[in-house]
Amino acid sequence: MKKAAKIMFKILRLIFAVLVPIAAAVIVVSAVRGYNMHRNAVEKCPPAQMAQLLRGEGFVRMEELPEFYIKAVICAEDKRFYTHRGVDPKAVLRAVAHDLKTMSPEQGGSTITQQLAKNFYYTQEKRLERKFAEVFTALDIEEEFSKDDIFELYVNSIYFGEGYYGISAAAEGYYGKAPAELTDYECAMLAGIPNAPSAYSPAKNSDLAEQRLKQVLDRMTECGEITEKRAAEIAAEN
């Protein structure tokens with residue numbers, strides 16, 4: 001038994017010695033490719049030009065958004081948005097641990113800034129070099145704009161399902177009102193949709209949309225933005 005254990009240990013050590021350099025090489029190559037992808041993207045359309053393109057007709061400013069909606073989005077998508085510099089290492093580690101546990105790439109650990117970069121500059125394809133490109137671009141965006149500017153650009157460009165791009169179109173399309181007029185329930189609902197627009201559209205999947213709304217309210221409770229009692233009241237408003 002001891003001899004077999006020693007042999008197995010040697011085999012595992014050999015495998016480890018081979019795999020680690022390979023993994024490191026893959027990461028380095030992906031990082032270089034990602035940086036080149038990022039550089040090409042921002043040379044074609046610098047962040048300032050991206051902002052100019054997004055700030056078109058119907059663009060909703062921060063002061064026009066309900067405070068509840070702002071808090072709901074941040075709690076649901078990126079609770080350390082105002083403290084990180086474009087990339088949240090804690091969220092990345094948490095996502096990696098979750099994905100290793102489930103053996104599926106369900107969580108990406110992307111910040112709001114990374115999502116803005118991905119949605120504007122890149123495809124949704126899950127490739128390592130694309131992920132690196134997204135990170136590099138997010139860092140550039142953080143240097144160019146304030147946090148409030150980034151949040152505005154994000155909520156005015158994300159997809160809410162049913163052909164609605166941006167919070168203005170989503171508020172009008174789903175509820176027939178301007179963003180400033182949204183109730184807490186409607187804010188929480190809209191904050192949850194972009195995570196998976198085709199699944200969480202209340203126009204098509206009301207049950208899934210309600211489940212997602214409750215997830216958003218749970219996140220807000222965990223962040224200390226609302227009480228459990230208030231979360232229950234909002235969930236019962238529909």
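Reader: Lys147: buried or exposed?
Author: Buried, with a relative accessible area of 15%. Here buried means under 20% relative accessible area, exposed means over 50%, and partly exposed is in between (1.4 Å probe, protein chains only).

Reader: What kind of model is this, and which cut-offs apply?
Author: It is a predicted model: local features need pLDDT of at least 70, side-chain atom pairs count only at pLDDT 80 or more, and totals for chains, interfaces and linings use all residues. Residues are numbered from 1 along each chain as its sequence is written, and side-chain values use heavy atoms, with hydrogens and water left out.

Reader: Back to Lys147. Which residue forms a salt bridge with Lys147?
Author: Glu142, with the closest N and O atoms 2.9 Å apart. A salt bridge is a side-chain nitrogen of Lys or Arg within 4 Å of a carboxyl oxygen of Asp or Glu. Glu142 counts as buried because its relative accessibility is 15%.

Reader: And helix α7, why is it called largely enclosed?
Author: Because seven of its nine residues (147–155) are buried. They are Lys147, Ile150, Phe151, Glu152, Leu153, Tyr154 and Val155. Helices are DSSP runs of H or I, at least four residues, and strands are runs of E, at least two, numbered from the N terminus.

Reader: What covers the buried residues of α7?
Author: The cover includes α2 (47–54), α3 (67–77), α5 (112–121), α6 and α8 (167–175). Cover is judged by contact, meaning heavy atoms within 4.5 Å.

Reader: Which residues is Tyr82 in contact with?
Author: Met62, Ile74, Lys147 and Asp148, leaving aside neighbours within four places in sequence. Tyr82 is in the loop between α3 and α4 (89–102). Its relative accessible area is 40%, so Tyr82 is partly exposed.

Reader: What does the side chain of Tyr82 make with the side chain of Asp148?
Author: A polar contact, at 2.7 Å. That is a pair of N or O atoms within 3.5 Å; within protein, one must be able to donate a hydrogen and the other to accept it, and residues adjacent in sequence count only if both atoms are side-chain atoms.

Reader: Switching topic. How many salt bridges in the whole structure?
Author: A search finds 14. One of them joins the side chains of Lys71 and Glu225, at 3.4 Å from N to O. That pair links distant parts of the chain, 154 residues apart: Lys71 is in helix α3, and Glu225 is in the loop between α11 (206–222) and α12 (228–235).

Reader: Lys71 and Glu225, how accessible?
Author: Both are partly exposed: Lys71 at 27%, Glu225 at 35%.

Reader: What about Arg230 and Glu233, how far apart are the closest N and O atoms?
Author: 3.3 Å, in a salt bridge. The two are three residues apart in helix α12, so about one helical turn separates them. Salt bridges that share partners join Asp184, Arg230, Glu233 and Glu237 into one network.

Reader: Last one. What is the phi of Glu162?
Author: Near 55°, a positive value in a residue other than glycine. Most residues other than glycine have a negative phi. Glu162 is in the loop between α7 and α8. Glu162 is partly exposed, at 32% relative accessible area.
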